[in-house]
Amino acid sequence: MLGLKFETETSWAEIAKDNLEQILTDHAFAEQKASANAISITINYSEETELVSKMLEIAIEELEHFQMVHQLMTKRGLTLGQAQKNDYALRLQQFFPKTTNRTKALIQRLLVAALIEARSCERFKVFSENIEDKELSEFYKELMISEANHYTIFLNFARQYQDKEIVNKKWQDLLTFEAELMRNRGKTAKVHG
């Protein structure tokens, strides 16, 4: 369904499990960034009524996810650390050439957002299936479903703004690039690390 061209190894789940405070902190800030991205899209493309409505829903949901992660951490006596740099999203954004064309820029943003959501979904699935902690397993299963929904929304919107075949080609090229990027990851307790 997701179309990812590189699968996360289960060894990443072990790293994440052994560094729970780190993975939860990274996850919390990833949710914050996802919310901010959705809000940014509403600001920059405010004339796109349907898009704005959906992005507002996503922004609120992502902020709720941030709150859920933070509450989980607090309940377990963990502290939300400082946000750390993660070049994953930046590298994906750099894949596409800069453009002054608003429509092309929007499509690129939507494709990058779709891929981030798809990878998050895949990582949450791997984590939920490879952790003995029942509460965390259920928590990440639920979030996995939400990420899959967001992935679909972003990708479907991208396909509305340009010929579907052109968008699908860009999507496949981005997936190939991301697969190569991911081959060198999976060694840190980060959602996209």
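Are glutamate 122 and arginine 119 buried or exposed? Glutamate 122 is buried, and arginine 119 is buried as well; here buried stands for under 20% relative accessible area, exposed for over 50%, and partly exposed for the range in between, with a 1.4 Å probe and protein chains only.

The model is predicted, so local features need pLDDT of at least 70 and side-chain atom pairs count only at pLDDT 80 or more, while totals for chains, interfaces and linings use all residues. Residues are numbered from 1 along each chain as its sequence is written, and side-chain values use heavy atoms, with hydrogens and water left out.

**Helix packing**

Helices (H or I, at least four residues) are DSSP runs numbered from the N terminus. Two packed helices are described by the angle between their axes and the distance between the axes. Helix 2 covers residues 20-44 and helix 3 covers residues 49-75; their axes come within 8 Å and cross at roughly 160°. Such axes are lines fitted to C-alpha atoms over the stretch in contact, with angles running from 0 to 180 degrees between N-to-C directions. Helix 2 and helix 3 are therefore roughly antiparallel, a term for angles over 145 degrees. The crossing of helix 2 with helix 3 is left-handed, that is, the near helix is turned anticlockwise from the far one by less than a right angle. The contact of helix 2 with helix 3 has 17 nonpolar, six polar and three charged residues. In this scheme Ala, Val, Leu, Ile, Met, Phe, Trp, Tyr, Cys and Pro count as nonpolar, Asp, Glu, Lys and Arg as charged, and the others, Gly among them, as polar.

**Salt bridges**

A salt bridge is a side-chain nitrogen of Lys or Arg within 4 Å of a carboxyl oxygen of Asp or Glu. By this rule there are 14 salt bridges, including those in the table.

| Salt bridge | N to O distance |
|---|---|
| Lysine 54 and glutamate 57 | 3.3 Å |
| Aspartate 87 and arginine 185 | 2.4 Å |
| Glutamate 122 and arginine 119 | 3.0 Å |

Lysine 54 and glutamate 57 are three residues apart in helix 3, which separates them by about one helical turn. Lysine 54 is partly exposed at 30% relative accessibility, and glutamate 57 is partly exposed at 46%. Glutamate 122 and arginine 119 are likewise three residues apart, in helix 5 (residues 102-129), and about one helical turn separates them.

Aspartate 87 and arginine 185 form a salt bridge. This pair links distant parts of the chain, 98 residues apart: aspartate 87 lies in the loop between helix 3 and helix 4 (88-95), and arginine 185 in the segment after helix 7 (164-182). Aspartate 87 is partly exposed, at 34% relative accessible area, whereas arginine 185 is buried, at 15%.

**Aromatic pairs**

Rings of Phe, Tyr and Trp (its six-membered ring) pair if their centres lie within 6.5 Å, and planes over 60 degrees apart count as edge-to-face. The structure holds eight aromatic pairs. In one of them, phenylalanine 95 and phenylalanine 96 have ring centres 5.1 Å apart and planes at 75°, so the pair is edge-to-face. Phenylalanine 95 is partly exposed at 28% relative accessibility, while phenylalanine 96 is buried at 10%. Phenylalanine 139 and tyrosine 140 also form an edge-to-face pair, 5.2 Å centre to centre with 85° between the planes. Phenylalanine 139 and tyrosine 140 are both buried. Ring pairs join Phe139 and Tyr140 with Trp12, Phe124 and Phe127 into a cluster.

Notes. Helix = DSSP H or I, 4+ residues; strand = E, 2+ residues; numbered from the N terminus. Parallel < 35°, antiparallel > 145°, perpendicular 65-115°, else oblique. Phe/Tyr/Trp six-rings, centres within 6.5 Å; stacked < 30°, edge-to-face > 60°.
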